[in-house]
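Here is a short briefing to read alongside the model. Take a look at the structure first, then work through the points by topic.

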Amino acid sequence: MSEPVLDGVDIQGNILPGFRRAEEMLVGFSGTDPIALRRALAIIAPHLTCLATAIDHRDARKAFFLGNAPDVPSTSLWLNYALGKGATDALGLSSLGDKDAAFVAGMVPSRTGDSSNASLPDGSRNPAAPPNWVVGGPVRKLDLLLIFAADENIENAVRPIVDAVRDCGLIQIYSEVGRLLPEDKEHFGFQDGISNPGVLGVVDVGGVRRFVTTRYGVPDRNGVSFGKPGQPLLDPEQFLFDADELRNGSFLVFRRLQQDVAKFYLDTSELAKSISTETGEFVSPEAVRARIVGRWPSGQPLMRPVADPNRPESQFAINHFEFASALPELVLSSGDKVAAATGDPQVANGGRCPIWAHIRKVNPRDLPTDKGGADETRGFQMLRRGIPFGPQFDHGNLASPTNTAERGLLFLAYQTSISQQFETLNGDWMNTELNPSPGGFDLLVGQRLTLTRLNDAKPAMWFDQPTGKTIPIVASSQWVLPTGGAYLFAPSIGWTRKQSAGNSRAGHS
Amino acid sequence: MAKFTYTPPGNLDDLAGRASREQFLVNWDQYILKAFRDNIGDLGDDPLFFTEADTPATTPAVRIPWNAFPLSLTRKVGAGVAAWKAADILQSTTGYTPPGAPKVTTQYRPQDEYCEWFAYITPGTTKISRIVFTAEGPEYWIKLAEADLDQVVALYQAYVDPQVKQSDLLLTADLQYDRDTVLAAGTYNPFNIWNTKKGVMHLTHPANTLGAEINLAAVASQTVKDNTGARVTDVRRLVCCAGYGDANRSSDPLIGWNVNTTCVPIAAGGAVLDATLADPVALYMDGLQPGFLTGPSGESLDGWFQFRRGAPGKGLLAVLEAPAGAGFGLDQVLVKGVPLTRGGQIAEIINMVLYAKAKPHTGNAPSLVGCTSHCCMPAGTAPAKIPSTNLNQPRDRNTGLAAPCRNGDVNAYPEITATGAPQKKAAEEASHGVRKTRLGGQ
């Protein structure tokens with residue numbers, strides 16, 4: 001194997017391969033006193049979960065689900081962490097500033113396109129403005145974020161560690177539990193995380209050298225290797241630093257994204273009615289929602305039309321597509337076949353999948369963009385490790401008290417350039433009508449602000465394939481609101497241990 | 001119906017009220033039309049590129065946007081401060097020296113995405129007073145100076161500096177501007193000091209020309225195939241194979257791909273179309289991406305960026321400066337939360353755009369042609385590193401044919417090794433080793 005060898009015990013496991021446990025709990029602290037921080041690191045260092053542990057566990061779970069193992073492995077509490085700019089400065093990680101201006105500037109509205117007006121027009125508090133955020137922003141500065149994962153009872157399991165970190169002199173400002181929803185869906189009801197990229201490289205686990213991302217016999221295309229079909233294997237340097245004290249560390253973008261499920265469903269139903277009127281053909285609310293996402297709730301992409309989108313193709317097929325080009329049938333190393341994919345003859349209009357569909361906005365795949373071609377687009381991709389928070393919406397009983405609870409996504413994404421990766425996808429693409437191709441905002445997650453820095457209605461062009469008509473539509477509400485977040489750095493486990501050396505006793509004093 | 005004519009970029013009317021206006025407009029129309037006809041002629045039978053002087057387009061103008069900051073510099077030195085600095089370092093070339101003449105050195109900006117800029121400093125300080133961005137093709141100014149040099153001087157005085165004198169703008173030696181055109185000593189110098197070292201009026205990079213835009217669009221209308229006979233559609237491979245533009249930019253691969261796949265959609269079932277560039281033919285600044293420019297209190301300063309020539313969507317010259325009564329200057333402006341120190345920071349949030357149109361193709365069905373060019377990279381470059389590597393497109397300086405990779409470089413995409421004869425156009429492009437325009441005489 002002539003691939004890079006990754007350090008399985010030095011890299012935090014949520015970066016690679018990702019935790020993917022039933023429950024996660026994020027706990028945030030403020031404090032930039034270096035002594036307190038080192039004490040905290042001394043507490044968490046022994047508990048940190050590395051790549052090798054996480055990948056071993058994932059293999060064991062996979063073996064169980066495939067029927068090759070008698071039981072799901074029982075696993076202890078996992079822990080990863082990341083530091084804010086104030087904390088990295090306090091701990092002497094000054095070279096981070098040279099790596100990315102975004103990390104220095106922080107998650108500020110002028111980089112993210114977030115609302116900065118603390119009040120709404122009716123005088124009420126604007127939850128999307130960073131001063132009002134639940135976590136992060138100028139008021140609740142996030143200096144240390146702990147990311148716990150477990151299969152159950154996470155709140156009890158984390159308590160001793162959280163208490164001990166608090167005792168170090170850091171101020172706990174936040175804690176929130178995330179839980180996987182049934183069928184791996186997010187709160188709007190769509191399967192999530194389908195198109196995460198893979199990573200080139202091998203790692204030694206238990207004395208065995210293995211690929212970091214599993215290969216399935218997908219042939220290379222245009223010089224790109226693949227894990228699953230449609231899962232490009234990218235240079236690890238896109239996600240992990242490779243030199244000096246930053247080695248095996250990664251920037252972490254954390255966004256607490258509140259989702260308004262009721263409004264999403266109501267608005268898309270209204271949109272469906274108005275589009276039906278305009279086109280003279282019935283357009284269902286489900287179809288509108290699918291076009292906004294670019295996939296059906298089952299994960300079936302619009303680029304791979306099937307008779308019943310509620311019955312998706314296999315997990316190997318649902319990411320095997322480009323937007324313009326056809327892809328051939330595949331025969332995987334398992335012998336499984338994946339049917340060919342056809343390109344969109346009207347790709348410039350978004351005939352099959354809208355130009356503004358979320359999955360096309362953030363990953364236009366084979367299409368050129370304002371910032372280069374498919375190579376560059378792959379270079380913007382991140383390792384997304386998000387998990388939903390809040391209770392599942394009760395569509396069967398809209399009056400259910402549970403529906404008034406807050407819910408959303410704890411968006412977590414690892415990368416080595418926030419400005420080139422997260423901010424390109426977020427600010428340059430989702431939040432604009434023009435890029436990566438002209439045609440509309442990302443109606444799902446994008447933000448469009450007025451001059452008063454409040455969220456405004458977002459336009460897009462609905463292309464009606466049968467008639468060839470283009471109809472302007474508008475998402476009048478903001479269905480996803482950022483209500484917290486920060487740009488963070490997730491150091492290597494080795495660096496963490498060095499920092500904490502000699503502080504373990506003091507940590508409990 | 002009125003006769004179709006090509007109008008000046010952005011419908012500028014720089015000679016309004018002057019005797020020189022009428023003839024200039026005629027000359028401009030003829031000049032652009034000739035560039036279209038020359039390029040269409042080079043495409044052979046049944047071209048997929050046309051001029052609206054022959055046939056009206058049937059589609060509305062389609063926008064093709066790209067980012068104004070040079071992707072090639074980001075690849076070369078990394079994103080951020082290093083790239084912003086590199087973009088401000090003037091480059092020199094002797095490539096415009098006429099054959100047999102003593103070497104003539106000219107200067108240009110390494111800003112190669114059809115947007116160039118200059119930061120003016122307040123005298124006696126290190127503070128930036130204004131940053132000016134241009135997307136104006138040099139041909140327009142050469143033609144304008146041919147028609148009315150006095151007005152060119154007046155425009156420089158208005159937009160660059162009141163101290164500009166006519167003599168500052170004139171060549172002191174002949175320049176071989178392209179294969180067909182010699183700019184004689186004593187005529188307008190597109191690389192004059194007020195457009196290089198001391199200011200900016202129009203584009204200077206050898207590749208930033210209107211002729212290059214027309215040529216690129218024309219050549220890109222041809223569909224090309226790799227060694228196996230399969231159509232090449234990958235964005236960068238398409239540039240390397242077809243030999244138009246520069247594979248290292250955001251703009252050229254994007255423009256070329258859009259033309260190529262508009263003419264012949266990649267997916268089966270799409271109609272074959274002929275493409276053209278919409279009148280007025282130009283490269284434009286669409287505008288500034290909103291929200292990224294703020295003042296010390298977080299207030300939006302988007303309004304500090306104003307078009308002085310052209311308009312939003314079709315901007316040709318823009319200025320970023322503090323308006324009267326602002327209370328503070330550019331030294332307190334933040335771009336994405338970072339203090340403004342370089343024009344490149346603004347270029348990164350400028351959208352460029354050009355406009356294309358189409359009509360149904362009525363000739364024979366197009367066929368795939370072999371590659372006429374290839375791209376080279378340093379030997380040993382790992383496949384995963386090719387995207388972040390600037391590629392070379394070597395050509396023989398005399399013949400214009402694709403030349404072997406040099407200096408130990410290897411073919412970046414061996415599967416699309418050049419197999420066909422190069423376009424006629426390639427010969428003239430080769431004279432300076434960069435993309436160049438055909439500035440045919442009237």
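In chain A, 45 residues of domain 1 are in contact with 40 residues of domain 2. Please keep in mind that this is a predicted model.

**Domains of chain A**

- The domain assignment of chain A gives domain 1 as 5-257 + 488-507, and domain 2 as 258-291 + 346-413 + 421-484.
- Between the C-alpha centres of domain 1 of chain A and domain 2 of chain A there are 26 Å.
- On the side of domain 1 of chain A that touches domain 2 of chain A, at least two residues each come from β2 (23-30), α6 (109-112), β4 (135-136), β6 (171-179) and β11 (250-259) of chain A.
- The element that gives the most to this side of domain 1 of chain A is β11(A), with six residues.
- By residue type, the side of domain 1 of chain A that touches domain 2 of chain A has 23 nonpolar, 14 polar and eight charged residues.

- Helix α2 of chain A covers residues 51-65, 15 residues in total. From its first C-alpha to its last, α2(A) reaches 21 Å, close to the 21 Å expected at 1.5 Å a residue.
- Which residues of α2(A) are buried? They are A:Leu51, A:Ala52, A:Ala54, A:Ile55, A:Asp56 and A:His57.
- Those buried residues of α2(A) pack against β1 (5-6) and β8 (202-205) of chain A.
- After α2(A) comes A:Gly67, with a positive phi near 85 degrees.
- Strands β1 and β8 of chain A also belong to an open sheet of three strands, in the order β1-β8-β9, with mixed pairing.
- At the edges of this chain A sheet are β1 and β9 (208-211), each of which pairs on one side only.
- β8(A) and β9(A) run antiparallel and are joined by four bridges. Across this pair, A:Val205 stands opposite A:Val208 in β9(A).

- A:Ala101 lies in helix α5 of chain A, residues 101-105.
- Is A:Ala101 buried or exposed? A:Ala101 is buried, because 21 other C-beta atoms lie within 10 Å, and the cut-off for burial is 20 or more.
- Leaving aside residues up to four places away in sequence, A:Ala101 touches A:Ser419, B:Gly80 and B:Val338.
- A:Ala101 and A:Pro388 are 287 residues apart in sequence, and their C-alpha atoms are 29 Å apart in space.

**Where chain B meets chain A**

- Here 39 residues of chain B are in contact with 41 residues of chain A.
- Two or more residues of the side of chain B that touches chain A come from each of β1 (62-67), α7 (235-242) and α8 (251-263) of chain B.
- α8(B) supplies the largest share of that side of chain B, five residues.
- The residues on the side of chain B that touches chain A divide into 19 nonpolar, 15 polar and five charged.
- α8(B) itself is mostly covered, with 13 of its 13 residues buried.
- The 13 residues of α8(B) should span 18 Å at 1.5 Å a residue, and this agrees with the 18 Å between its end C-alpha atoms.

**Chain B as a whole**

- Chain B contains ten helices and 19 strands.
- Chain B is as compact as a globular protein of its length, because its radius of gyration is 22 Å, close to the 22 Å that the globule rule gives for 442 residues.
- Along the principal axes, the C-alpha atoms of chain B fill a box of roughly 65 × 55 × 50 Å.
- Of the 442 residues of chain B, 53% count as buried.
- Of the contacts in chain B between residues at least 6 apart in sequence, 71% join residues at least 24 apart.

**A sheet in chain B**

- Three strands of chain B make an open antiparallel sheet in the order β11-β14-β15.
- Its edge strands are β11 (293-294) and β15 (338-339) of chain B, and each pairs on one side only.
- β11(B) is joined by two bridges to β14 (residues 334-335) of chain B, and the two run antiparallel.
- Opposite B:Leu293 stands B:Val335 in β14(B).

Methods. Residues numbered from 1 in each chain as written. Chains lettered and ligands numbered in written order. Predicted model: local features only at pLDDT ≥ 70, side-chain atom pairs only at ≥ 80, totals over all residues. Domains from an automatic or database assignment. Contact = placed C-beta atoms within 7 Å. Nonpolar A, V, L, I, M, F, W, Y, C, P; charged D, E, K, R; others polar. Expected span 1.5 Å × (residues − 1). Buried ≥ 20, exposed ≤ 12 C-beta atoms within 10 Å, placed from the backbone. Pairing = 2+ DSSP bridges. Rg over C-alpha atoms; globule rule 2.2 N^0.38 Å.
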